[in-house]
Amino acid sequence: MDFYAEELISHYEHPHNKGVISNSDSKFHEYNPTCGDDITIYLKIKNDIIEDVKFDGNGCSISIASASMLTDFVKGKKLSEIEKMDFKTLKELINIDPGPARLKCATLSLKTLKGAVFLYEHKPMDQNTKNM
Amino acid sequence: MVSKNDLSDGIESVRSDFPIFKRRINGKRFAYLDSASTSQKPKQVIKAISDYYVNYNSNIHRGIYNIAEKSTSMYISSKEHIAKYINANSYNEIIYTRNTTESINLVALTLGNEYVNKEDHILITDLEHHSNIVPWQLLAKRKSAAVDYIKLDESKEHLDINSIKEQLEKDPKIVAISHASNVLGTVNDVKEITREAHKHGSIVIVDGAQAVSHMSVDVRDINCDFYAFSSHKMFGPSGIGVLYGKEELLENMGPLYGGGDMIHTVTHDTYSWNSLPWKFEAGTPNIEGAIGLNAAIDYIEQIGIQRIAKHNMALTAYLLEHLSKIDDITVYGPKNVDNRRIGVVSFDIKGLHPHDVAQVFDSEGIAIRAGHHCAMPLITESLNRSALSRISFNVYNNYVEIDRALKAIKKAKKLFKVK
Ligand SMILES: Cc1ncc(COP(=O)(O)O)c(C=O)c1O
């Protein structure tokens, strides 16, 4: 089956960066009521660079695996780079097209991450995430 | 696993009436196990609708010409047929709406607004669909009234008898209750609850969305005041639903919408309403929907609702039996297959999100539902889950599809390495 590539399943089974950062600089929680997917992202930020990131929560394979891959990807990135990320970047990152039915599962972690960055900077959310 | 291919009375031949089953999905034969969401349509219904467009498309109640008389009489005979099918007194008691949701809202916005006052109680249950919760929450908010819930019993399979008694002591103005649950498959004893509720002076509205295509419905036997259902769940087209109401109640209710057809006379300063059922149907209705629904009821009657019920129960028994043999599966709803349940089975596989379960099913060409099934209070508060997978049946399903579903469950467990 194409949808569930080995890599995705492996991230789901053994997610990277799972946990909490107790002295985080920013923390944001998102929830998808249609399936109960629930993700909190914690950021440690220095000089506008993500020093450390962790996520915690529950969800389906797509939401957990994409949170795992996303948190790997953004470590060491500038906040301005996170702001520029959109669904296309995420799709390349997770390497599947989730299709309309699973779009919300796939994008939940990015939405949460952007929320955490927004909270840190107090800037309005950009258009890319608003429509996700 | 041994497949039972035949249902003893030959009902499996009806599958060929449904053109959609010629399709293949992901290279596999299409198996549709989501009829609680909406039913598939037989060619008889499709033909009735296209026949209207091809041969007598015209507005009703207006034209004095051949085809307009035909469409008007087809529309009215649809209502007469519904009235007979649910044993209403006459078609004056049959109001067409868009769906169950609109039928319930219509009652909340007309009778509800008139009848419910500050500090009154509205009683619903823990196993309602959002469409039988939110209209009452909105009404309660408008009127500063309270919405109370009849609880589930310990088993979480049926309503708790004591909770029914206890809540009725508050003399609720309105009791709104589903005939059958779209999550648990539970059939509520709506006749008994109506009888008790009437002793407390309550108006009773029954949400029959899930019940109508699974059992015979007799509104006069139930003696409820209103009964709501949707055409699309009973082999008819979407966009048309039914509100049955007792004539004396409908007579005394104001209309919801104003416009054409619902009035008798209009002057610059005054209006008077049309008679029932037209008072509640402003504007050009869903004519092709009514014609399609009529054909859908013909279709059900031709097979026989008792045979359909028996078929669905046989499939449910088979599914429940096999699910109980698989490790790490929790099945919600009644485990006994009797007249207190319909062919809707919700389940949860430990360690697997329902979305992933549904996705694996889809890869096998099998459609099931995953999510909160528009019953969030039931799933998140009463059952303490965030989402469930659901298999539901109707007349076109067969044992082979259940075997495929069971295989898909094994595949999902293997893929995600759940034991
Ligand atoms: C028990 C129940 N009530 C109401 C509804 C709402 O039906 P509709 O969306 O056709 O208004 C449904 C549909 O899923 C249902 O299962």
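Trainee: In β2(A), which residue is the bridge partner of A:H29?

Mentor: In this predicted model, the bridge partner of A:H29 in β2(A) is A:T40. Strands are DSSP runs of E with at least two residues, helices are runs of H or I with at least four residues, and both are numbered from the N terminus; two strands pair if DSSP finds at least two bridges between them. Here 7 bridges join β1(A), residues 26–32, to β2(A), residues 37–46, and the two strands run antiparallel. They form a hairpin with 4 residues between them, and A:G36 in the turn has a positive phi of about 80 degrees.

Trainee: Which residues of β1(A) lie on the covered face, and which on the uncovered one?

Mentor: In a regular strand the side chains alternate between the two faces of the sheet. In β1(A), the covered face has A:S26, A:F28, A:E30 and A:N32, while A:K27, A:H29 and A:Y31 make up the uncovered face.

Trainee: What should I keep in mind about numbering and confidence?

Mentor: Residues are numbered from 1 along each chain as its sequence is written, and chains are lettered from A, and ligands numbered from 1, in the order in which they are written. Chain B averages a pLDDT of 94, with 98% of its residues scoring at least 70, and the model scores ipTM 0.76 and pTM 0.91.

Trainee: How many residues does each chain bring to the contact?

Mentor: Taking contact as heavy atoms within 4.5 Å, there are 17 residues from chain B and 19 residues from chain A. The buried area, which is the accessible area (1.4 Å probe) that two parts lose on being put together, summed over both, is about 1,400 Å² between these chains, and carbon and sulfur atoms give 58% of it. B:H355, B:Q359 and B:F416 supply 36% of the area that chain B buries against chain A, more than any other three residues.

Trainee: Which side chains meet in a salt bridge between B:D356 and its partner in chain A?

Mentor: Side chains of opposite charge can pair when their charged atoms come close. The rule asks for a side-chain nitrogen of Lys or Arg within 4 Å of a carboxyl oxygen of Asp or Glu, and it finds 1 salt bridge across the interface, in which the side chains of B:D356 and A:R102 meet at 2.9 Å, N to O. On the side of chain B that touches chain A, α11 (354–363) and α13 (399–415) each supply at least two residues, and the largest share, 5 residues, comes from α11(B).

How values were computed: Side-chain values use heavy atoms; hydrogens and water are left out. pLDDT is the predictor's confidence in each residue, from 0 to 100. Buried means under 20% relative accessible area, exposed over 50%, partly exposed in between (1.4 Å probe, protein chains only).
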